[in-house]
Amino acid sequence: MTFVLASDIHANLPALEAFYAYLEGHGLAGFPRIYLGDYVSLGPYPGETVARLSADTSSVFLRGNHDRYVIDDALLQANPYFSEPGAMDHVRWTHDQLTPENHAWLASLKPVHRFQADGWNVVVTHGNPDTDEMTLSVDRAEEGTVYLCGHTHVPRNETLHGSRILNPGSLGKPLDGDNRASFGLVRLGPGFAEFEVIRIPYNIEQTIAALEDRKVPWRAGIIESLRTAAYSHE
Ligand SMILES: [Fe+2]
């Protein structure tokens, strides 16, 4: 089985469109796609991004922590994950950009998905099967299992105790020092699991201009982070 793996789009529509164009242009559009969550927040196009993704009824979509934050009324009032006031303003702004249909789609997403393919158990999550706030610990890796996880925005490709841990990095907000969009191509077969991380340039200036034009709260740090592909704090 071969499939495309993408994560952490974070409302970055130009990056998503570059991804679609790359798949079309490189003969990859026919493969199944699995998305690992964080479709919204930290970018200027939450509504447009969810509209594009939710129109795709053939792919697998997991829910990320940021998707959960914007649909949880209690977390919209106070979120222990965010210590800076600007961050809460940003989450509420994202919430307000989403239509009832967008909210319903995000609320429909599952935190964990499991399937079997080519002799592998495949476990699909945003972080790990217990929480969307933390990545998978190597202590948890079970033989014969392929773990697909996102959340860190940094690609990961590990072989451990007969298991594989694969993270495609972030499509819309990489944090590994390379600001190009990142996604993965997974090829599973009996006894092997190949993983290729693909980097593609996209119109980052369009994303930054939209953050300014839409006066997105907390944007100074987001813009710096998009440019540098590193964490930033205002
Ligand atoms: Fe994320």
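**Helix faces and helix pairs**

Reply: In this predicted model, Pro-100, Glu-101 and Ala-104 are exposed and sit on the face of helix 6 turned away from its buried side.

Me: Which residues of helix 6 are buried?

Reply: Asn-102, Trp-105 and Leu-106 are the buried residues of helix 6, which spans residues 100-107. A residue counts as buried if 20 or more other C-beta atoms lie within 10 Å of its own.

Me: Why are the buried residues of helix 6 said to line one face?

Reply: Seen down the axis of helix 6, the buried residues fall within an arc of 95°, so they line one face of the helix. Their cover includes helix 2 (46-54) and helix 3 (65-71).

Me: Why are helix 2 and helix 6 called oblique to each other?

Reply: Their axes come within 10 Å and cross at roughly 60°. Angles under 35 degrees count as roughly parallel, and 65 to 115 as roughly perpendicular; helix 2 and helix 6 are therefore oblique. The crossing is left-handed. Gly-47, Val-50, Ala-51 and Ser-54 of helix 2 meet Asn-102, Trp-105 and Leu-106 of helix 6. This contact has four nonpolar, three polar and no charged residues.

Me: What makes helix 7 and helix 8 roughly antiparallel?

Reply: The axes of helix 7 (residues 204-213) and helix 8 (residues 219-228) cross at roughly 175°. Angles over 145 degrees count as roughly antiparallel, and the two helices are therefore roughly antiparallel to each other. Residues in the contact include Ile-204 and Leu-211 of helix 7 and Arg-219 and Leu-226 of helix 8. By class, the contact divides into six nonpolar, one polar and two charged residues.

Technical notes: Residues numbered from 1 in each chain as written. Predicted model: local features only at pLDDT ≥ 70, side-chain atom pairs only at ≥ 80, totals over all residues. Axes fitted to C-alpha atoms, helices over the stretch in contact; angles between N-to-C directions. Helix = DSSP H or I, 4+ residues; strand = E, 2+ residues; numbered from the N terminus. Contact = placed C-beta atoms within 7 Å. Nonpolar A, V, L, I, M, F, W, Y, C, P; charged D, E, K, R; others polar. Buried ≥ 20, exposed ≤ 12 C-beta atoms within 10 Å, placed from the backbone. Arc of directions from axis to C-beta. Left-handed = near helix turned anticlockwise from the far one by under 90°.
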